[in-house]
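Subject: Structure handover

Hello,

I am passing this structure on to you, together with notes on what was found in it. Please look through the sequence and the model first, then read on.

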Amino acid sequence: MGIEAVGISKRFGDFVALESVDLHVETGRLTALLGPSGGGKSTLLRIIGGLDDPDEGSVHIDGLEATGVPPQRRNVGFVFQHYAAFKHLSVYRNVAFGLEIRKRPKAEIRQRVHELLELVHLEQFADRLPSQLSGGQRQRMALARALAVQPRVLLLDEPFGALDTMVRKELRDWLRRLHDEMHVTTVFVTHDQEEALEVSDELVVINHGRIEQVGTPTELYDNPDNEFVMGFLGPVTRLGPQLVRPHDIEVFLTPEPGAVEASVTRLQRIGFEVRAELATPDSTPWVQLNRGQAEALKLQVGARVWLRAARDASTLRAAG
């Protein structure tokens, strides 16, 4: 069950947005579609929701054929970056709207809306207009509105993209807790790597209309299939012939087996982190240290050190 998209292709003129994409999303999971702008993730989300039709391929939701079925008949909830709220309606009426047009009984609507407003911590703002809410509160209202009709699938297209960093962090923590309570099958589009790693059960990395890799956040971060996935899911640097994460490089003050000699070319303090830029005979790696590590090593520009990828490091040997 869940979502099954098979052989999805989509072109806009000469631009290939998706090419023979297969995607399976298990029921009850929160899956993030992650990739650069223009990579195809939002197009795939819109095809799942019925807002766009594929040129080729099919979509099934909970075992039912959805290809060609209009969005309103797919029982899918949408939340976008911009809230698209009804400005003249109260928070209560915005959340109730989908139930009202389905002509549900008033008592049922009242109970459902009050439950959702309590769930998203907006019960005290039920009578306010959307313009009287903060950006984060409006996005929580949008999620409650999407959940009101009890969708089989919830689709989120960069829902926190217009918010500042602190509000984004608060909302993604809240979204994870909300999902753990409700277990609605959710597909979440983002280009924010930290957001995807923190929120999702499963990551789907998309680039140039193709899926690069699918797996849990830990699997993709620790065992990337290729350089694109490794570079897109966190900082990387090159140590000799290897790509390695800068926090996975060991620094020694004396020669060690397997270590490469290097000289410190620059030191930069960024909060609790110390970034050391170095030069070896064949590369210019940088190393991420915490303040305690940097102080213990007493690093200075021009110092000679030895570098080695940690044994449990996430590395990707360069092709050739």
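Predicted model: local features only at pLDDT ≥ 70, side-chain atom pairs only at ≥ 80, totals over all residues.

Residues are numbered from 1 along each chain as its sequence is written, and side-chain values use heavy atoms, with hydrogens and water left out.

The sheet

Helices (H or I, at least four residues) and strands (E, at least two) are DSSP runs, numbered from the N terminus. Two strands count as paired if DSSP finds at least two bridges between them. On these terms there is an open sheet of 4 strands in the order S2-S1-S4-S5, with antiparallel pairing. Strands S2 (15-25) and S5 stand at the edges and have a single partner strand each, so one side of each has no neighbour in the sheet.

Taking the pairs in turn, S1 and S2 are antiparallel and share 7 bridges; Ile 3 stands opposite Val 25 in S2. Strand S1 (residues 3-12) is also joined to strand S4 (residues 56-61) by 5 bridges, again antiparallel, and Ser 9 has Glu 56 in S4 as its bridge partner. S4 in turn is joined by 2 bridges to strand S5 (residues 64-65), with the two running antiparallel. In that pair, Ile 61 stands opposite Leu 64 in S5. The hairpin of S4 and S5 has 2 residues between the strands, and Asp 62 takes a positive phi near 50° there.

Helix H1 (residues 41-49) lies across S1, S2 and S4 and runs at about 60° to S2. Contact here means heavy atoms within 4.5 Å. Axes are lines fitted to C-alpha atoms, for helices over the stretch in contact, and angles run from 0 to 180 degrees between N-to-C directions.

The cavity and the pockets

On a 1 Å grid over the protein atoms alone, a cavity is a set of points where a 1.4 Å probe fits but cannot get out; a pocket is an open set with protein on both sides within 12 Å along at least five of seven lines, and lining residues have an atom within 4 Å of a point. Grid points are joined across faces, edges and corners, and a volume is the space filled by probe spheres set on the points. For residue classes, Ala, Val, Leu, Ile, Met, Phe, Trp, Tyr, Cys and Pro count as nonpolar, Asp, Glu, Lys and Arg as charged, and the others, Gly among them, as polar.

The count comes to 1 cavity of 30 Å³ or more. The largest cavity has a volume of about 50 Å³. Its lining has 6 nonpolar, 2 polar and no charged residues, and helix H5 (residues 165-182) gives the largest share, 4 residues.

The largest pocket has a volume of about 490 Å³. Of the 21 residues lining this pocket, Val 76, Gly 77, Phe 78, Arg 145 and Ala 146 are the closest to its centre. The largest share of the lining, 5 residues, comes from S6. By class, the lining has 13 nonpolar, 6 polar and 2 charged residues.

The second largest pocket holds about 190 Å³ of space. Strand S13 (249-252), strand S16 (286-290) and helix H9 (291-297) are the elements that give two or more residues to its lining.

Regards
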